[in-house]
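Thank you all for coming.

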Amino acid sequence: MELRKFSNLNLARKFAAYFTTLLVEFILALSMFEILSVNKTCTIDLILLQMFRANVITFFYVPLFLLLISSQGYTNNYLIILKYSYVEDWWKGKIKIFLEETLIYFLLIYTVPLIVVIILSSKYLKVLSYKEFVFIVESLIIAFLLLVIYGTVYLAVSTIIKKTIAAYVIGVLVPFIDFIFMYVFKTRNFSGITAGMLINFFMSYSLSTERQIFLFVIYLGYFLLLFGVLNIIMINTLKKIDVCRGDKKSEN
């Protein structure tokens, strides 16, 4: 009975994350088309900036994504943990499941809707050039890595402190730091640590193709390094704590 309730709760979380994210994107797309109907012109970077606005990332995309990730709480079950000889193997398995689910979510909820919006906006756009195509792919890769970083932070914190709500709040606060600098302190040319870097990358659209690709490589290296550091810290931490501390009530 408890297992069924847990499964139903997970499905409800996933449905809420998928449905609400699509609803937010639909509203953003309608708003953009209203602007296009007046201006009659558009560029790829403006579409991306509209669909991935900093305030939307901070207050909608990240909270909804973390709601989806919170459905993976079953991997913290002590019976599952005990199946692994080494705690680092358990964490790697947990991260693998997380990456797979994040990729599916990203492709269905962000990539497909964005392609649809671009196609519907074709009459306001010039023919997509090689530079624009590359820019779209690079932007999507960075946006995906953003979700990976947020999810990893959430999983790490929730595993260590075993407080889902506290971990959720901390995960939401990560992009909020960038938001504060960009909108409250109004800092210019501020890349930030996560979401701010994505917005800053969108603004690099005017650069030459070579310089823009070089910037992407730097951003890609940064996010991959950050992901690696987070996992190294987490594995070393897990070796020093009792992951199974508490009892079955720690599941949620």
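Predicted model: local features only at pLDDT ≥ 70, side-chain atom pairs only at ≥ 80, totals over all residues.

Is F202 buried or exposed? At 1% relative accessibility, F202 counts as buried, where buried means under 20% relative accessible area, exposed means over 50%, and partly exposed lies in between, all with a 1.4 Å probe and protein chains only.

Residues are numbered from 1 along each chain as its sequence is written, and side-chain values use heavy atoms, with hydrogens and water left out.

Let us turn to the rings. A search of the whole structure finds 20 aromatic pairs, a pair being two rings of Phe, Tyr or Trp (its six-membered ring) with centres within 6.5 Å, called stacked if the planes are under 30 degrees apart, edge-to-face if over 60, and tilted otherwise. The rings of Y18 and Y105 have centres 5.1 Å apart and planes at 85 degrees, so this pair is edge-to-face. Because Y18 belongs to helix α1 (residues 2-39) and Y105 to helix α5 (residues 87-120), the pair ties together parts that are 87 residues apart in sequence; helices here are DSSP runs of H or I with at least four residues, numbered from the N terminus. Y105 is buried, with a relative accessible area of 0%, whereas Y18, at 21%, counts as partly exposed.

F202 has a ring partner too: its centre lies 6.1 Å from that of F52, with the planes at 45 degrees, so the pair is tilted. F52 sits in the loop between α2 (44-51) and α3 (54-69), and F202 in helix α8 (residues 195-202), so this pair joins parts 150 residues apart in sequence. F52 counts as buried as well, at 5% relative accessibility. Ring pairs link Y18, F52, Y105 and F202 into a cluster that also includes Y61 and F144.

Finally, consider helix α9 (residues 209-238), whose 30 residues reach 43 Å from first C-alpha to last, close to the 44 Å expected at 1.5 Å a residue, that is, 1.5 Å times one less than the number of residues. Among its buried residues are L215, Y219, F223 and F227. What do the buried residues of α9 pack against? They pack against α5, α6 (130-161) and α8, with contact meaning heavy atoms within 4.5 Å.

Note on methods
Helix = DSSP H or I, 4+ residues; strand = E, 2+ residues; numbered from the N terminus.
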